[in-house]
Amino acid sequence: YEIQRLLQIVGDSTDVLEVLSYVVLLVTASMVLLALYNTMNERRREIAIMRSLGARRGQISRIILQEALLISLCGAVLGVAVCHLGVFALRGYIEGRTGISVDWTVFSPRELYLVLGVGVLGSVAGVLPAWKGARVSVAENLGPTS
């Protein structure tokens, strides 16, 4: 009975942590979207120069989407690495407190899915900034700056 009760408590905690992780992912995706969207104002001149040199709107969009993908993938890989390093640093403490030995070198296939999912989410977050970047007017943004 007690073991079943303990597993129910731990199971509920796991569900709460999983929901919390999804919330963190959504907040992070919105931060990527806002960061890229706000940098489009600062990068209008560079985009206009690229357009005047022959870059098409689709190419500009792809560059911005690739940037969003790269930022997201780097963040996800760094997050997984930090988690494994944290387990490495705390493995003695965990084993001393719980008696459970944890191996920090074991990578789960779920971690690969997590990294890929974060990459897709980052690419989706980059759609609006890519659209904005592709719509930059060449004539308005190549004029003299004051």
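A polar contact is a pair of N or O atoms within 3.5 Å; inside a protein, one of the two has to be able to donate a hydrogen and the other to accept it. Keep that handy for the first exercise. One more thing before you start: this is a predicted model.

**Exercise 1. Ser 72**

Task: Work out whether Ser 72 is buried or exposed, and find which backbone oxygen its side chain reaches.

Solution:
- Step 1: Start by locating the residue: Ser 72 sits in helix 3.
- Step 2: The relative accessible area of Ser 72 is 7%. Buried means under 20%, so Ser 72 is buried.
- Step 3: Now follow the side chain of Ser 72, which gets to the backbone oxygen of Ala 68 at 2.9 Å.
- Step 4: Leaving out residues up to four places away in sequence, Ser 72 touches Val 118, Gly 119 and Gly 122.

**Exercise 2. Helix 3 against helix 4**

Task: Find how the axes of helix 3 and helix 4 cross, and say which residues meet.

Solution:
- Step 1: Helix 3 covers residues 57-98 and helix 4 covers residues 109-125; their axes come within 7 Å and cross at roughly 150°.
- Step 2: Angles over 145 degrees count as roughly antiparallel, so that's how helix 3 and helix 4 run relative to each other.
- Step 3: As for handedness, helix 3 and helix 4 make a right-handed crossing.
- Step 4: On the helix 3 side, the residues in contact include Leu 65, Ala 68, Ser 72 and His 84; among their partners in helix 4 are Glu 111, Val 118, Gly 119 and Gly 122.
- Step 5: Sorted by class, this contact of helix 3 with helix 4 has 10 nonpolar, 5 polar and 1 charged residues.

**Exercise 3. Helix 3 against helix 5**

Task: Now do it for helix 5: at what angle does it pack on helix 3, and which residues are involved?

Solution:
- Step 1: Helix 5 spans residues 127-134, and it packs on helix 3 at about 145°, with the axes 8 Å apart.
- Step 2: The crossing of helix 3 and helix 5 is right-handed.
- Step 3: From helix 3 come Arg 57, Ile 60, Ser 61, Ile 64 and Leu 65, and they meet Val 127, Pro 129, Ala 130, Gly 133 and Ala 134 of helix 5.
- Step 4: The class tally for helix 3 with helix 5 is 7 nonpolar, 2 polar and 1 charged residues.

**Exercise 4. Glu 42**

Task: Is Glu 42 buried or exposed, and what separation do its C-alpha atom and that of Gly 126 have?

Solution:
- Step 1: Look in helix 1, residues 2-42, for Glu 42.
- Step 2: Its relative accessibility is 62%, so Glu 42 counts as exposed.
- Step 3: Glu 42 and Gly 126 are 84 residues apart along the chain, and their C-alpha atoms are separated by 16 Å.

Notes: Residues numbered from 1 in each chain as written. Predicted model: local features only at pLDDT ≥ 70, side-chain atom pairs only at ≥ 80, totals over all residues. Heavy atoms only, no water. Axes fitted to C-alpha atoms, helices over the stretch in contact; angles between N-to-C directions. Helix = DSSP H or I, 4+ residues; strand = E, 2+ residues; numbered from the N terminus. Parallel < 35°, antiparallel > 145°, perpendicular 65-115°, else oblique. Left-handed = near helix turned anticlockwise from the far one by under 90°. Contact = heavy atoms within 4.5 Å. Nonpolar A, V, L, I, M, F, W, Y, C, P; charged D, E, K, R; others polar. Buried < 20%, exposed > 50% of the residue type's maximum accessible area, 1.4 Å probe, protein only.
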